[in-house]
Amino acid sequence: MVLTTLIVTFTVTVGLALAVLYSVAGPPLRARGSRLIATVDRVLHRLASAVRERVAAHRDAAVRDDRETAHLH
């Protein structure tokens with residue numbers, strides 16, 4: 001349990017540090033045409049698109065489920 005807590009805390013801390021670094025250092029590097037930031041932007045855009053698609057699929061499945069089970073009540 002303690003090890004899990006440490007791993008989760010470490011992961012959250014590193015994730016927050018990377019988010020702050022990206023938000024602070026991203027705009028100046030983007031203005032200079034950094035390929036690293038362009039790659040990170042592209043990966044984050046693809047990840048966000050994939051998450052949006054999965055959320056929409058789950059939402060649609062939940063709506064279908066509600067419609068199918070509505071007649072049972």
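Q: Why is A19 called partly exposed?
A: Its relative accessible area is 42%, and the label covers anything between buried (under 20%) and exposed (over 50%), using a 1.4 Å probe and protein chains only. So 42% lands in the middle class. A quick word on the model: it is predicted, so local features need pLDDT of at least 70, side-chain atom pairs count only at pLDDT 80 or more, and totals for chains, interfaces and linings use all residues. Residues are numbered from 1 along each chain as its sequence is written, and side-chain values use heavy atoms, with hydrogens and water left out.

Q: What makes R30 and D41 a salt bridge?
A: The rule asks for a side-chain nitrogen of Lys or Arg within 4 Å of a carboxyl oxygen of Asp or Glu. For R30 and D41 the closest N and O atoms are 2.8 Å apart, so the pair qualifies. R30 sits in helix α1 and D41 in helix α2 (residues 35–70), so the contact ties together parts that are 11 residues apart in sequence. Searching the whole structure turns up 1 salt bridge.

Q: Are R30 and D41 buried or partly exposed, and how do you know?
A: R30 has 38% relative accessibility, so R30 counts as partly exposed. D41 is at 22%, and that puts D41 in the partly exposed class too.

Q: How do you know which helix holds A25 and I7?
A: Helices are DSSP runs (H or I, at least four residues), strands are runs of E (at least two), and both are numbered from the N terminus. A25 is found in helix α1, and I7 is in that helix as well, which spans residues 2–31. The chain has 2 helices and 0 strands.

Q: What makes V2, L3, L6 and I7 a nonpolar patch?
A: Patch residues need over 30% relative accessible area and no salt bridge; like charges are joined within 9 Å, and nonpolar side chains (Val, Leu, Ile, Met, Phe, Trp, Tyr) within 5 Å. I7, for one, has 48%, so I7 clears the area cut-off. Together the four give about 430 Å² of accessible area, by the Shrake-Rupley method with a 1.4 Å probe, where for residues only the protein chains shown count as cover.

Q: How do you know how the chain's radius of gyration compares with that of a compact globule?
A: The radius is taken over C-alpha atoms, and the globule rule is 2.2 Å times the number of residues to the power 0.38. For 73 residues a compact globule would come out near 11 Å, but this chain has 20 Å. The C-alpha atoms fill a box of roughly 60 × 40 × 15 Å along the principal axes, and buried residues make up 4% of the 73.
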